[in-house]
Amino acid sequence: MLAFLKHQFKTFTLLELLKGMVITGKYFLKKKITVRYPEEKTPISPRFRGHHALRRYEGGEERCIACKLCEAVCPANAITIEFEQRDDGSRRTTQYDIDMFKCIYCGFCEESCPTDAIVETRVFEYEFHERGPSIMTKDKLLDFGDKHESQIAEDRAVDAKYR
């Protein structure tokens, strides 16, 4: 009977509604934390893993030596590499493809690369609606790396502090 009376009292006095309005009133005058996304950007960690890029040495030669470690370590099998021997005995890639639909952005490819050739940048604002453009070829990855090299180098310097 006592529980019934408590329930009737709460219902009659609208106690739950008043408690909710008190909580709303507390936050009504506080500073808002909403971010208006396209116009405002939130800070991104230097260790964020986004769009992939292939890097070059300062002389312009690509860093990838076709060791295929990134292909072997990729849990999603998103990386495909083909290579050929050069006249000087070194190996270079003829094909380096990453299927961005398959990629889970784990960073294993970046961790396994001995020459720091494949990196994941801070760029996260990209989209694919069809399968064709989602496959990043060697040329696309190199162009992307050239375009964002200054940011990549800066992030690599900051990341070295934590290793």
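These are my notebook entries on a few spots I looked up in this predicted model.

**Ground rules.** Residues are counted from 1 along each chain as its sequence is written, and side-chain values use heavy atoms, with hydrogens and water left out. As the model is predicted, local features need pLDDT of at least 70 and side-chain atom pairs count only at pLDDT 80 or more, while totals for chains, interfaces and linings use all residues.

**Entry 1, a surface patch.** I started with L14, L17, L18 and M21, which form a nonpolar patch on the surface. Together they have about 400 Å² of accessible area (Shrake-Rupley method, 1.4 Å probe, with only the protein chains shown as cover for residues). I noted the patch rule: members have over 30% relative accessible area and no salt bridge, like charges are joined within 9 Å, and nonpolar side chains (Val, Leu, Ile, Met, Phe, Trp, Tyr) within 5 Å. A salt bridge here is a side-chain nitrogen of Lys or Arg within 4 Å of a carboxyl oxygen of Asp or Glu. M21 sits in helix α2, residues 15-28 (helices are DSSP runs of H or I, at least four residues; strands are E, at least two; numbering goes from the N terminus). Is M21 buried or exposed? It's exposed, at 52% relative accessible area (buried is under 20%, exposed over 50%, partly exposed in between, with a 1.4 Å probe and protein chains only).

Helix α7 covers residues 149-160, so 12 residues, and spans 16 Å from first C-alpha to last, close to the 16 Å expected at 1.5 Å a residue (that is 1.5 Å times one less than the number of residues). Which residues of α7 are buried? I found I152, D155 and D159. They cover an arc of only 65° around the axis, so they're on the same side of α7 (the arc uses directions from the helix axis to the C-beta atoms). Their cover includes β1 (52-54), β4 (118-120) and α6 (138-147).

C74 is in the loop between α3 (69-73) and β2 (79-85). It's buried, at 12% relative accessible area. C74 and F108 are 34 residues apart in sequence, yet 6.4 Å apart in space, C-alpha to C-alpha.

Most residues other than glycine have a negative phi. Y105 isn't a glycine, but has a positive phi of about 55°. I found Y105 in the loop between β3 (91-99) and α4 (108-112), partly exposed at 22%. D116, not a glycine either, has a positive phi of about 60°. D116 is in the loop between α4 and β4, and at 19% it counts as buried.

Terms used:
Contact means heavy atoms within 4.5 Å.
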